[in-house]
Amino acid sequence: MELFAVFLFLLCASQDSLAVTVEVQEGEPSVVLPCHISKILEEIVTVKWSRFDLNPNNVHQRREADDLHGQNQVFRGRTSMIPDALDSGDFSLTLREPQLLDSGIYICSMTENQEETALSGVQLHVKASQDSLDVSLDVYQGDSSVVLPCQNSQSSEGILTVKWSRFDLNPNTVHLRREGDDLQAQNVLFSGRTSMRSDAVDVGDFSLTLREPQLLDSGVYICSIHQETEEKMLSGIRLNVKVYRVEVDSGEESVLLPFKTAACLSKDVTVTWRHNTGRMVHGCYREVFMCSVDFENWPVQHYKYKDRTKIVKEGKFGDYSLILKKPTDRDTGTYSCTVYDYWSDKILIMKQVLLDVKAGPDSLIIAIDFGSGFSGYAFNVKPREEGGETQIKRWSNGLGLDTPKTPTCILFDEHGEFMKFGYEAKTAFNNMRGEETKKHYFFEDFKWNVLNMRYWRQRTFTDNNNWMLTLEVFTEVLRFLKDDALKTIRSQPEGGKFTASEFTWVLTVPDILKDSTKELIIKSAALAGLVTDDTKSKVMVVLESEAALTWCLKLQPDGFITQNHSRDSQDQPAGAAEPDTSCNDPAGSQEAVQFTVEPEETKVLLETQRDGKRYLVVDCGAYSHFTVHEVLEGGAMKKLHNDSRYYLGGRNVDEKFKQFLREIFSYEVWREYEEKFPKEVQKMMYDFTRLKHLGEDIQISCPGNLVMLAQKKKEIKTFFDSVEGASWDDGSIRISREKLKSFYDKSLQGITGKLREILNKDFNIGYIVLVGGFAESQILHQNITDQFGPQYKVLCPLRPQEAILKGAVELGRNPKLVES
């Protein structure tokens, strides 16, 4: 028994020693506390569930049958064990209608031959529902105190104990009053900081005063009374302790981070301000009554704050507020001010302030475009006066191409650990066979799963019916793109040692995004390390159409494709790089190969012709989407119309091409080829993606393995005898311009039909703006120009696939370009 008592003491003293923790929401029908024994019982034993913070401590007892004579009345009629518990060795306890006061440590023990043995300890945490709480209090860290209200309207005669508890802590006692305060079991977190009225029992006011609230004080507080064998909850309070927040626009002369304390600090003290990155912002020591001798040359002060900080000196005792000069969005974060005793280094007082500096024209920006088919990022790390330029990462696919985006696909191993993203993920998975593919998790074309997230537990399934949480999959996408972007930036000669916290992150989303999904996307960005919970304001979620139009409105007139000004006359073919903007591939895989560079200072499009006409933006990607925008006085955009549906785009053209190959070589040959040589199929599709935009006869190399499989059936040339629009040309498949155009028929019909529908409405549209990878197609551009050119100005930038990313960077530096 002595050993058992010691065990119980240890068990109650530390959650780490408990066998299991069980959480349940208040209001659930029941909860099961597990307890099992593996040995066969030869004699009848007594099984007992106890809670030693209660009197009596008996929760449930069974011998041959339930023995509830000594049961604490709190649990009357709410506990049970399975009928064959002693035979099966399953001593688990079912507790019905769990309440907040049921939170605590439950001990399952067995008595055999007069020897009692503890079998398991269960920490039960009943989470409060909002309906069960009487009030929610918000208070700022650093306030002098907060009062948690609790009133008792009934007679106080016979009240033995008033208890304030927080059941997410161990021990859970916040404050205990019997005849006087009894704080022996008080959680050390609240030591010296709680008090109740001296006449609390007489007047029925059991309110608790909590001094100097801290962030860790946030939680649900329960006020209860204990009378003999009864326990009654009087009130439940949710306390939210928040960090003091200061907001300022980038470019302001200075900002004040306040910290005043009424505490009597008569000793000499040392004061330090630190950023949440650990950087020393400022330090000084106060001698007698003045904070003097600022450590302007203090060796540990981070160089970024040199000559920019100052402690307020107004002769005010206890005012350690910090002045930060010329704040930029790179200064955003949580600042901690700590006051130490100068001689002992003991912390006397501490406060945190959250500084949120809005992005400005010289902000560090990384923009991420998460697309249905392809994704990528762009960045800008230089101020405008230094010739700041937007750079787009180009991706090498290992097949002789480099592109401004990489496929939106991600590969995880059998344990759900991230492996690869983009081209590398697709190639690695295509090279797997049989059981290996079943063990891995490969996701592609899952953008709509992300954009339709309603709750964080929503799932995304693979083709072989494996699944992961959508939030987890998207988080790993963002984590990879974040890490890749920082590595790319650091690899440049002037890259510097940037960290994620120094950037404003711009995430582009379709216009149909719901606010609830936006919150989950920002949560994912925090989980991926783009920002912290305190700096979520540095994530900007911008609409794809607004980002694309922002970039188009910056371009000079010669930055667009026209009848006599094609992309090829001014630029390299689609997917190629500009000769003067290349950079060597840094160490590692999938890194930057080349960058597309655009000057920052460009004229507003058609500035002299601004006549109130609106812009109809057609985002032509894997799917097509339509929005109408107006440019307001001063240059900000306002969205007037958004079509909630997405229509056929470039993906449909690719599918038509694949169907055509199946038609040429027969279903059997093509199926065998896809199964045995998926990487070659991938190469053929990339070749087609590059060539389909040209609008002329095209030739695609036919791999030798496809020729080999085909010739097992018949001579390769004969496959083309009955196919119109294609011919065999010495190892290549030649597709006529007319046949190529036929692949576009369904997509063009859908796009032009929707354009007519919108243009027939009274929007006063003057410009049709084509953006997205599919807009590179001469066939698409010519078709739109032929049908709508006489009445509307059709605009398409030279690199339409990059417009969204470049515009997103612009919006990151100047959010005011879009009406709030």
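What percentage of the 820 residues in the protein is buried? Buried residues make up 53% of them. The model on screen is predicted.

**The whole chain**

The protein has 18 helices and 48 strands. Among contacts with a separation of 6 or more, 65% are between residues 24 or more positions apart. Switch to a surface view next. The accessible surface comes to about 38200 Å², and carbon and sulfur atoms account for 47% of that area.

**Aspartate 511**

Select aspartate 511, in the loop between strand E37 (504–509) and H8. Is aspartate 511 buried or exposed? Its relative accessible area is 8%, and because the cut-off for buried is under 20%, aspartate 511 counts as buried.

Now show the side chains around it. The side chain of aspartate 511 makes a polar contact of 2.9 Å with the side chain of serine 545. A second polar contact, of 3.4 Å, links the side chain of aspartate 511 to that of lysine 639. Leaving out residues up to four places away in sequence, aspartate 511 touches Leu543, Glu544, Ser545, His625, Thr627, Lys639, Asn642 and Tyr646.

**Lysine 518**

Lysine 518 has a relative accessible area of 35% and is partly exposed. With residues up to four places away in sequence set aside, lysine 518 touches Leu513 and Val541. Then select asparagine 452, which is 66 residues from lysine 518 along the chain. The C-alpha atoms of these two residues are 9.9 Å apart.

**Helices H9 and H18**

Select residues 544–554, helix H9, together with residues 803–813, helix H18. Their axes come within 7 Å and cross at roughly 85 degrees, so H9 and H18 are roughly perpendicular to each other. On the H9 side, the contact is made by Glu544, Glu546, Ala547, Ala548, Thr550, Trp551 and Lys554. On the H18 side, look for Ala803, Ile804, Lys806, Gly807, Ala808, Glu810 and Leu811. Coloured by type, the residues of this contact of H9 with H18 divide into seven nonpolar, two polar and five charged.

**Helices H12 and H13**

The next pair is helix H12 (residues 667–676) and helix H13 (residues 678–691). At what angle do H12 and H13 pack? The angle is about 105 degrees, and the axes are 5 Å apart. H12 and H13 are therefore roughly perpendicular to each other. From H12, the contact involves Trp670, Tyr673, Glu674, Glu675 and Lys676. From H13, Pro678, Glu680, Val681 and Met684 take part. The contact of H12 with H13 has five nonpolar residues, no polar ones and four charged.

**Helix H17**

Finish at helix H17 (residues 778–788). Which residues of H17 are buried? They are Ile779, Leu780, His781, Asn783, Ile784, Thr785 and Phe788.

Last, zoom in on the start of H17. There a side-chain oxygen of serine 777 reaches to within 3.2 Å of the backbone nitrogen of isoleucine 779. Isoleucine 779 is also one of the buried residues of H17.

Notes
Residues numbered from 1 in each chain as written. Predicted model: local features only at pLDDT ≥ 70, side-chain atom pairs only at ≥ 80, totals over all residues. Heavy atoms only, no water. Buried < 20%, exposed > 50% of the residue type's maximum accessible area, 1.4 Å probe, protein only. Contact = heavy atoms within 4.5 Å. Helix = DSSP H or I, 4+ residues; strand = E, 2+ residues; numbered from the N terminus. Polar contact = N/O pair within 3.5 Å; in protein donor to acceptor, adjacent residues only side chain to side chain. Areas by Shrake-Rupley, 256 points an atom, 1.4 Å probe, with all protein chains shown as cover. Axes fitted to C-alpha atoms, helices over the stretch in contact; angles between N-to-C directions. Parallel < 35°, antiparallel > 145°, perpendicular 65-115°, else oblique. Nonpolar A, V, L, I, M, F, W, Y, C, P; charged D, E, K, R; others polar.
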